[in-house]
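Keep the structure open beside the text.

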Amino acid sequence: MLFTRVNKDTQALPISIEDWEQKARELLPDGPFDYIVGGSGAEETLVANRSAFSKWAIVPRMLRDVSQRSLRIELFGQQLMAPLFLAPVGMQAIAHPDGELATARAAAAAGVPMVVSTISAHTLEQIAETMDDAPRWFQLYWSNDREVCASMVKRAEAGAISTLDTLPAITEAVDGRIPVLLDSGIRTGADVVKAIALGASAVMIGRPFMFGLAVAGEKGVASVLDTLLNELDVSVALSGSNSVADLNRSILVRL
Ligand SMILES: Cc1cc2nc3c(=O)[nH]c(=O)nc-3n(C[C@H](O)[C@H](O)[C@H](O)COP(=O)(O)O)c2cc1C
């Protein structure tokens, strides 16, 4: 790799995802940075996703006892410590030489499941060994459906439909029969709360952890996760809820 990493000092690591992105932009050559930023879909979709989150606000509720909080959820019979996953992202060695192994270590330490991409730079066996018993999923491209998927993505991008705006219709159609995971545009703990309140079972983050990986490897992914989980905890408390399971549409106001 042609770039050098600065700041091994944790104190100097960025906090907001925008700052992680900015740092990654400074550190990475243009090619790898563009791979992360432009890796999935058109810019308009990302803009639409971000603005969809800003159309909702969490109504702050005071004078409720929210001192005992839980972020835990159950999904497919598995107990998870938070409604958060690392989205499948291919070829992570483009961001950092340790690639998926650094991400896997940080995910396992935080108890956040990692969804391993079909196109990983490290072998599935290496990743599995790194994670030991920690929860992980595998993302499989299903070749029969490729054309259908590609056409759906194209249509969504053409209309710059945000995933958040489509969520209520999807959760209504699914009607609790299967979990609904949302990704695209989650950048803060408040975004996680909004997505869950609007019907998602859990959310995934992609680019945010890739910026962390690019800037500081395992430590960077760990720091991004730590910040998001802390923000999520604070946002749950602010909404006057004790648990993620209690979040529903009533804690939000449409701006
Ligand atoms: C660089 C990059 C590579 C990706 N690779 C894959 C992949 O291999 N498989 C997959 O299903 N999704 C892939 N995605 C999509 C992500 O899983 C996720 O849907 C996307 O990053 C949106 O979330 P975000 O806004 O938090 O980044 C990739 C995304 C990026 C940015």
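This is a predicted model: local features need pLDDT of at least 70, side-chain atom pairs count only at pLDDT 80 or more; totals for chains, interfaces and linings use all residues.

The largest nonpolar core holds 61 residues, and A24, L86, A195, V203 and A214 touch the most other members. Helix α9, residues 207-238, gives the most to this core, with 14 residues. In general, nonpolar side chains of soluble globular proteins tend to be buried together.

Take A214 as a way in. Leaving aside residues up to four places away in sequence, A214 touches A24, L27, L28, I36, A95 and H96.

Now turn to the whole protein. There are nine helices and nine strands. Of the 255 residues, 39% are buried. Among contacts with a separation of 6 or more, 71% link residues 24 or more positions apart.

**Helix α1 against α9**

A pair of packed helices is described by the angle between the axes and the distance between them. Helix α1 spans residues 17-27. Helices α1 and α9 pack at about 110°, and their axes are 8 Å apart. Angles of 65 to 115 degrees count as roughly perpendicular, so α1 is roughly perpendicular to α9. From α1, the contact uses I17, W20, E21, K23, A24 and L27. From α9, it uses P208, F211, G212, A214, V215 and V224. By class, this contact has nine nonpolar, one polar and two charged residues. Both A24 and A214 take part in this contact, and both are among the core residues that touch the most other members.

**Helix α4 against α5**

What angle do α4 and α5 make where they pack? Helix α4 (residues 99-110) and helix α5 (residues 124-131) pack at about 30°, with axes 9 Å apart. Angles under 35 degrees count as roughly parallel, so α4 is roughly parallel to α5. Their crossing is right-handed. Helix α4 makes the contact through E100, L101, A104, R105 and A108. Helix α5 answers with Q126, I127, T130 and M131. By class, the α4 contact with α5 has five nonpolar, two polar and two charged residues.

**Helix α8**

How many of the nine residues of α8 are buried? Nine of the nine are buried, so helix α8 (residues 189-197) is largely enclosed by the rest of the structure. The buried set is G189, A190, D191, V192, V193, K194, A195, I196 and A197. Note D191 and K194 in that list. Just after α8, G199 takes a positive phi of about 120°.

Notes. Residues are numbered from 1 along each chain as its sequence is written. A nonpolar core is a set of buried Ala, Val, Leu, Ile, Met, Phe, Trp, Tyr and Cys residues joined through C-beta atoms within 7 Å. A residue is buried if 20 or more other C-beta atoms lie within 10 Å of its own, exposed if 12 or fewer, and partly exposed in between; C-beta atoms are placed from the backbone. Helices (H or I, at least four residues) and strands (E, at least two) are DSSP runs, numbered from the N terminus. Two residues are in contact if their C-beta atoms, placed from the backbone, lie within 7 Å. Axes are lines fitted to C-alpha atoms, for helices over the stretch in contact, and angles run from 0 to 180 degrees between N-to-C directions. Angles under 35 degrees count as roughly parallel, over 145 as roughly antiparallel, 65 to 115 as roughly perpendicular and the rest as oblique. Ala, Val, Leu, Ile, Met, Phe, Trp, Tyr, Cys and Pro count as nonpolar, Asp, Glu, Lys and Arg as charged, and the others, Gly among them, as polar. A crossing is left-handed if the near helix is turned anticlockwise from the far one by less than a right angle, and right-handed if clockwise.
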